[in-house]
Amino acid sequence: MSRLIEAVREAAREPGRAKSGEAAGATIEFELDGRTIDARAGETIWEAARRHGTTIPTLCRYEGYRPDGNCRACVVEIDGERVLAPSCCRAPSAGMKVRSASDRARAAQRMVVELLLADAPPAPRREDSELTRWARELGVTRSRFAAREQPRADFSHPAIAVQLDACIQCTRCVRACREEQANDVIGYAGRGDAARIVFDFGDPMGASTCVGCGECVQACPTGALMPRLLGEVDAPLRPGDVAPRAAERRVDSLCPFCGVGCQLTFHVSGNRIRYVEGRNGPANQGRLCVKGRFGFDYAASRERLDVPLVRREGAAKDPVYGRLPTDWRDQFREATWDEALAIAAGGLARIRDEIGAHALAGFGSAKGSNEEAYLFQKLVRTGFGTNNVDHCTRLCHASSVAALLEGIGSGAVSNPVSDVAKADFVLVIGSNPTVNHPVAASWIKNAARRGTTLVVADPKRNELARHASTVLQFTPGADVALLDAMLHAIVYGGFVDREFIATRTADFEALRERLAPYSPERMAPLCGIDAATIRAVAQQYATSRASMILWGMGVSQHVHGTDNARCLIALALCTGQIGRPGAGLHPLRGQNNVQGASDVGLIPMMLPDYGRVDDERIAERFERLWGTRIDRRPGLTVVEILKAAAERRIRGLYVMGENPAMSDPDLQHARQALAALDLLVVQDIFPTETAYLADVILPASAFPEKTGSFTNTDRMVQLARKAVEPPAQARADLDILVAMARGLGLDWRYSHPREVFEEMRESMDSIRGIDWDRLEREGSVTYPCASADDPGQPVVFRERFPTASGRGRFVPASPGMPAETPDADYPFVLTTGRQLEHWHTGAMTRRAQALDAIEPEATASMHPADLARLGLQPGMRARIASRRGEIALFVREDDGVAPGCVFIPFAYAEAAANVLTHPQLDPFGKIPGFKYCAVSIEALREPA
């Protein structure tokens, strides 16, 4: 079987071949408008003409999309052919004679434009309408034809204005929605004169299943679909308000939300972002989601912090609250920067000097740049003198990283998300990418539609499931049981890659021995998936030419999260499904720079590039670079720090861009711990729930207000550029960090991220080949990158793993029990997570006008049968309680939620899901089990 598997895969290692009868890279010559030009393999007439400087009109063609040829504005005359041909989808042949501007071709092109102008509104819906442009260039000043009755404008969607009187039925929006993003909302209905664009079954856009990605808006050539004018000094949305296309400047940057790292362009007028467009970056190729396209106006919110604040004397910290009280500012007084920094840095220095370095801790941010994260961990280690520094990775993928470092020597992904296009089999487990990583999900959906076998495994059936060939909706908490059963089927079924195991791995026999009791038949009752299905999926994964596994926090956010990840690593190692294009492991990163923040050492046991703090050789290297001694003891993690604060072992805490008063488990305990601190310094852009408990608040810069590098989930180091200025007295985070460091006695002189990045390169071999000029020039470089001429390595572990032996290590895992299981008093299983419109704790997205308008209320999703059993209907309110607290919120029906379970997003402070969650930690990754705790649910009869 091993030889058979290798033979099947050998084709994947061969270089790509040209199509039959066509040499790779071959060109042909043909005549265009009387001159001979060449066409490259795969080029259309239109593309070849453009490359040679000839512009042919087009309206339905859009760069990167499948050419449709339906508008006929691009028709050309070809000698010897009776009818005109659409140049956008016609390939040239050798010796062909083409005329793009002959009288016949021009007459047809003008007629197309004239017919379309007949129905166009008198004033174009966008200033740069492509129809208006081609009418002008072709000399069509008016239409001789009568206008037809046009549909009414539709302003039902908070982010997108629909004005189909400008629609030319080019179907770009249909291709955008169905073929690019694969959301299947926009369609083409009717025939002849009644043909029209529709949303779902002719619904208003705001009532349809539209997810607001805006791909259709970006593709629309006439303004029939336009972005609404958002964030106008917090004014309500008004019908008819659309964002003007004209802008004073364009700034190429990145999306500030999830870990996909989409490149985008801010269109800026004055000091305001007017609208956003996707850019052709390597991770997104022009695509965005609703947050990236329409979530930018949070930066202009009136709620921005714009002056330093200090807690008033005698203002007690009350840790019991829901959403931030409207009178929160009464607890604080304004201060100068000098005073605020003196209290913040001076107070932390006093605790260090009088009580000791280990009475201090810092929470850095995965939302900030690499340079900010690097400086923050350096400040804590050299200014505080402790390794008590952590960030949100502890609450998302810490268990994945622990298992990856243990098993294959690296905590980063082996392949980019886009490699799903090269895979024959894709397993997505414990992840809802259509919500958490929508652009990444689009690549997965595209791959499935091209024939890749997609298996979705999750206790909650999600939108990606409709694209899957198999859905494994397993019992919550039974991840290891399912994965051990798959491993058993592969190992004992003879589907392992024996050569890979022998040459690239260690400890396989220990795995084989441990798996013996965990056959699919024995595990089926535990995981809820029948044995035959488990065996079939396992065999498909093992024998595929190339298989990828992608996972999210449904795998990692368990008390057995590290064991879950160990099983996934074992699947890849025992089948050799790693180290090749389309074959590998990819834990999808949650925040925009959680990968980069971890890389630069914003974790308590690791220095930059994952050198352990207790490794003498590594520590001495950084002591030479930083000119000071480093503590050799690993520090405390996020949850451990708050536990220590509650016990008065931690007395001072510096929090930059994190919100532990919303993101930590057992929130009442977390907030009590924050309130117990002698000194809490919060550096943020909004008065978060954490800032409410602060002693000093330092107003910082939002993402569009800074320049810096960010590392996405694919290991791409990318450059974000400043687009607007911070409000009033708010300062750049880098400048605040330097000032805080100087207040702690460090002689820091950094004035630009470039200087910090160069210091990072000195200490991080992974990015040694990437300098600031290269980032500015190329925009994105994948690490590891050893030298200036190294293009970067998107696929790693091709020949060896970065372990001492060069081998990957099997670490067996046995099925275990969650920390807390349902009983008669708490009979439901709660799982928490994100929703499409709101990111993390909602500090940014709930202040974005369109996003909050789409999802303004906290909800709990339940199976219809459970709602009926409890006497609940969608839209009613329920009280949900655990052993730690209770919340009240609306319920919604979702048949993807398994009976006996409830799903609650954690972005809503007024119904904070983490009031309910359990603080028990995974023993290896020190991550809480956010995905499983026991709750009770009852209907609330009083009115909302």
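**Reading helix pairs, voids and backbone**

A: Start with handedness: α9 and α26 make a left-handed crossing. Keep in mind that this is a predicted model.

Q: Which residues of α9 and α26 make the contact?
A: On the α9 side they are N370, E371, Y374, L375 and K378. On the α26 side they are P753, V756, F757, E759, M760 and S763. Sorted by class, this contact of α9 with α26 has 6 nonpolar, 2 polar and 3 charged residues.

Q: What angle do the axes of α9 and α26 make?
A: Angles of 65 to 115 degrees count as roughly perpendicular. Here, helix α9 (residues 370–384) and helix α26 (residues 753–763) cross at roughly 65 degrees. Their axes come within 9 Å. The two helices are therefore roughly perpendicular to each other.

Q: Now α13 and α15. At what angle do their axes cross?
A: Read the angle along with the axis distance. Helix α13 (residues 479–493) and helix α15 (residues 508–515) cross at roughly 115 degrees, and their axes come within 10 Å. That makes α13 roughly perpendicular to α15. The crossing of α13 past α15 is left-handed.

Q: Which residues of α13 meet α15?
A: List each helix separately. From α13 come D484, L487, H488, V491 and Y492. They meet F508, R512, E513 and L515 in α15.

Q: How does α13 pack with α19, parallel or perpendicular?
A: The cut-off to know is that angles under 35 degrees count as roughly parallel. α13 and helix α19 (residues 561–575) pack at about 15 degrees, with axes 9 Å apart. The pair is therefore roughly parallel. α13 passes α19 in a left-handed crossing.

Q: Which residues does α13 use to meet α19?
A: Again, take one side at a time. α13 brings D479, V480, L483, D484, M486, L487 and I490. α19 brings D563, N564, C567, L568, A570, L571, C574 and T575. By class, the contact of α13 with α19 has 10 nonpolar, 2 polar and 3 charged residues. Compare the two lists for α13.

Q: Which elements supply at least two residues each to the lining of the second largest pocket?
A: Among the contributors are α10 (398–408), β24 (611–612) and α21 (616–626), each with at least two residues. By class, the lining of the second largest pocket has 20 nonpolar, 12 polar and 12 charged residues.

Q: How many cavities of 30 Å³ or more does the structure hold?
A: Cavities differ from pockets: the probe fits but cannot get out. The structure holds 15 of 30 Å³ or more. The largest cavity takes in about 320 Å³. Lining it are 27 residues, with K367, G657, D684, I685 and M844 nearest its centre. They divide into 10 nonpolar, 11 polar and 6 charged.

Q: Which residues lie nearest the centre of the second largest cavity?
A: They are C167, C170, C173, C220 and A224, out of a lining of 14 residues. The volume of the second largest cavity is about 100 Å³. Its lining has 10 nonpolar, 3 polar and 1 charged residues.

Q: Is the peptide bond from Y783 to P784 cis or trans?
A: Read omega. The bond is cis, with omega near 0 degrees. P784 belongs to the loop between β30 (780–782) and β31 (808–809).

Methods
Residues numbered from 1 in each chain as written. Predicted model: local features only at pLDDT ≥ 70, side-chain atom pairs only at ≥ 80, totals over all residues. Heavy atoms only, no water. Axes fitted to C-alpha atoms, helices over the stretch in contact; angles between N-to-C directions. Helix = DSSP H or I, 4+ residues; strand = E, 2+ residues; numbered from the N terminus. Parallel < 35°, antiparallel > 145°, perpendicular 65-115°, else oblique. Left-handed = near helix turned anticlockwise from the far one by under 90°. Contact = heavy atoms within 4.5 Å. Nonpolar A, V, L, I, M, F, W, Y, C, P; charged D, E, K, R; others polar. 1 Å grid on protein atoms, 1.4 Å probe; cavity = no way out; pocket = protein on both sides within 12 Å on 5 of 7 lines; lining within 4 Å. Points joined across faces, edges and corners; volume = space filled by probe spheres on them.
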